[in-house]
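Open the model in your viewer and keep the selection panel handy. The tour goes chain by chain, then to a contact between chains.

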Amino acid sequence: MNRYLAAVLCCLLLPLSMAVAGEPVKIGMITTLSTKAGYLGEEIRDGFRLAVDLGQGRLGGIPVELLVADDGRSPEKGRQIAERFIRRDHVRILTGTVFSNVALAVVPKVVRQGVFFISPNAGPSRLAGEGCSANFFNVSWQTDTLSEVIGQYATDQGFDNVYIIAPNYVAGRDNVAGFRRYYRGGIAGEVYTALGQADYAAEIAALRKAAPDAVYFFLPGGMGINFLKQYAQAGLQGVIPLMGPAATDGRLLGAVGEAAVGVVNSAQWSSEFDNPANRRFVAAFRKMYGRTPTLFASQGYDAALLIGSALRAVGGDMNRSDAFRAALEKADFPSVRGRFRFGRNHFPIQDYYVRQVVKSGDGGIVNRLLGRVFTDHPDAYADRCPLQ
Amino acid sequence: MAAETTRSGLVFCGGCFLLLLVLPPLLDLAGQQYLLSLACRALIYGLAASSLNLILGYGGMVSLGHAAFVGIGAYTVGILARSGPGSGLVAWPLAVVLAMLFALLTGAVSLRTRGMHFIMITLAFAQMVYFFFTSLETCGGTDGIPLSGRNLLPGLDLNDDRVFYYLCLGLLTLLLFLLHRLIHARFGRVLVGSRENEQRLQVLGLATFGHRLLAYCLAGGIAGLAGALLANLGEYVSPSMLHWTRSGEIMVMVLLGGTGTLAGPVLGAFVLLFLEDYLAMYTEHWMAILGPVLILVVLFARGGLYPLLAGHGRQR
Amino acid sequence: MLVLEQALNGLQLGVMLFLMSAGLTLVFGIMRVINLAHGSFYMIGAYVAATVAMRSGSFLLGLLAALPAAGIAGMVVELLVLRRLYRRDHLDQVLATFGLIFFFNELTRMIWGRQPLFMDVPSWLAGSVELLPGIHYPLYRLAILLAGMVVALFLYLLFSRTRLGMQIRAGATSREIVGALGVNIRLLYTLVFGLGTMLAGLAGVMAGPILAVEPGMGESILILTFVVIVIGGIGSVRGALVGAILVGLVDTLARAFLPGLLRLALDTAAADRAGAAIASMSVYIFMALFLAFRPAGLFPVSES
């Protein structure tokens, strides 16, 4: 029996590590590296890491240590990792979350413990409205907003008969709601597909029958790849225009190829932006990783810069929570998207653009900026946030 | 399956129990408090795996849909908690009853089949539950339901992690004891007999179908309780609890620990969860290690880890 | 008209499922081994084909590289792992092949990265044809239909006309007798397993240009494949064919027409949601109903 006890004890105590004061500020990144969506977390991580590397291990002049863990897109695992980061590594800053469900499981609990959470992507409405929190900041967008941009774009284009396709789940319906908030024309049809559906032949046939002016689609990740390929094969590419929120980021384009040409998508950033911060970011990212950064990488990079700006303000002393929060609220950092500030719910107030997928001169498939749709646009839930 | 009645089996189980009993202060001493919630999760999964073991290990019913019961239990707690944390005395029994009811309905159909058909039909029912909850907006869809706190129980503050841990340990011990009694009673003998040779029992005039269905419902109910506990532990209910890979993981726990042994599934839950956690800390490609480890266990540690550790061959 | 087009879509999905399930049902019928990792070979087929097609620019080369790749990967797995599990119960097989899923998913992520791969329809199959006035159908999907029929014919001929096929069939009924007749049963099993995984690889190649080539792509289709072989009767290739087409039709038609039907009874928004929800469950409901009345499937093969 003693033998077993000893063995079990050894296992438990193996990763013993003590936090010592005066060490670099630890930042815990809970992100999705496995599952089909693993490349999103990879982009965010690489963007964030680039900012740390460019500062030679420092953010805002303060030495930092980045701890990365894969949540496997599971809320349960996200919670477990947060627990480990906070209890074992004494992390006071968390970031990285890609998906709303993980954020919803992790954020409320950790902010109650006084930890700061800077989301580089996930922005569920529940954390923007009544459930907003003093310690939660989002540097990307509230989930609906990118669809609002497309809604406004459709209205501006004078479309009057739009077909809607989205998966039958919360983010899908939120996005459709966001689209309808700014779209003024008629609806040719509305179809909700199964989450993770692979084959869209049935939906595309029905869509063709409905003969709409344009199609609004919200199909993130692999669903979007499947849909775009099948849409082109059905001979509808270029016949009925496609538009949707940032579904067609750079790495997805690589998987879809020419079938994506013509898709209009919305974003708050583009690799073409001509400001000093963005030029430096895009060039450094390409040099380090050999590919063009996507929207998600830009968000990871901005999250790092934001944290750096606040760390500088408190001189790396994470015990000065109020000063740290105040510095975050100021958002005093050179965002790669240009102008950037926080609303009172700690979600961005920023400009939004539409981009179109085109074939570039060298035969690559890239996003080209079409124009600005919203200026200083807040999200739809900010008013419900009780924060002052 | 008489392994735990032998001396070394008893010593092993007793040792483990004592270790679990002193685990919280031990972790405090080592400054590893964060492991408490992982241990707690392992206890709960151990409960779910034990319930699967009842039908799988003793009854020979290989169900690949056990996550459905866990999920139903968790969602019961989640839906009731939407208007604030309610009493556990209401939510938990309801979770058990609903999971049993689902087990009764699906079991009545599934148990008509055997072998691989049974594996697949349980999987199909679990998939139905998965799609049902992900497409229901009132259940939070794919986002799941965040809880504002743990359930309330008279005299116990469940929001204290240590209290919750001891509650889980207590429930697990109690249910393991009851399962032990059940299996060594006539019910258990019929169940095991129906695995070995159903026709002979039927000739003897024993209603094996009824016994099997009852075992199926009991297993469902216990898994439902595990789901309710899991929802409380994470203060979150999500459809990922219902995903078919979760059913697979619970089955892995049973096999890893040792099918048809009382303590095996709990051991399996601890080993799998801790292994996952440690591997993930050292490499992001932890699944490339975990996969082959599972295969090696199947190939070389026949009968799971429990007989190996407690010094037994599998006794079937 | 729409019904016809949707029925074609259903058929085409059914054919994909047939390619997957034929291999799986063979493996189960002959070796009595349950292989959860069957989807991994589908993934291997798609990845290899996408890589070769991208490098060489030729879909056919991709196909030619992917088939042996999936087949050989299958035979290696059979030699290293599954061979030792034939006489064990299903449980051990489930656990080992579950481990294989983990391993293969992570392996593709390590080799090819996390990003989905690109694979295009070959230019000679691009575009769509007008089958009947008003019905445009993608040429590539017709090609999938054709490929499925060719495979079905091939399997039929293999089993009914060749010596190897007869040995396989005999091996399924009595291992000992065939062994006594001097047939190398181990080699036979390895070959059958390789054939099964090669068919899965073929399904993967065919799926590549339509679907996302990404880690874990095998699991999405795997579960449907299981539904197919259970409905068809485990071990029966004929059952797999009929089952696959039934499942393909049920899934596609439910998705296409359920919301519309429900709209007759409910308001639009509720009908859309309920329709989508029930449509995603339709296959499983169908299977449960089916098994309630025919627990052994369409073409039961006696489990001796």
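Select chain B. Its secondary structure comes to 13 helices and two strands (DSSP runs, H or I of at least four residues for helices, E of at least two for strands, numbered from the N terminus). This is a predicted model: local features need pLDDT of at least 70, side-chain atom pairs count only at pLDDT 80 or more, and totals for chains, interfaces and linings use all residues. Residues are numbered from 1 along each chain as its sequence is written, while chains are lettered from A and ligands numbered from 1 in the order in which they are written.

Stay on chain B. Its C-alpha atoms fill a box of roughly 55 × 45 × 45 Å along the principal axes. Of its 316 residues, 60% are buried (20 or more other C-beta atoms within 10 Å of the residue's own, C-beta atoms being placed from the backbone).

Now select residues 2-31 and 139-161 of chain C, helices H1 and H5. Their axes (lines fitted to C-alpha atoms over the stretch in contact) come within 9 Å and cross at roughly 40°.

Show side chains here. Among the residues that meet are Leu11(C) and Val15(C) in H1(C), and Ile144(C) and Leu155(C) in H5(C) (C-beta atoms within 7 Å).

Last, show chain A beside chain C. The contact takes 36 residues from chain C and 31 residues from chain A. On chain C, the elements giving two or more residues are H1, strand S2 (135-138), helix H10 (237-263) and helix H11 (268-293).

Methods. Axes fitted to C-alpha atoms, helices over the stretch in contact; angles between N-to-C directions. Contact = placed C-beta atoms within 7 Å. Buried ≥ 20, exposed ≤ 12 C-beta atoms within 10 Å, placed from the backbone.
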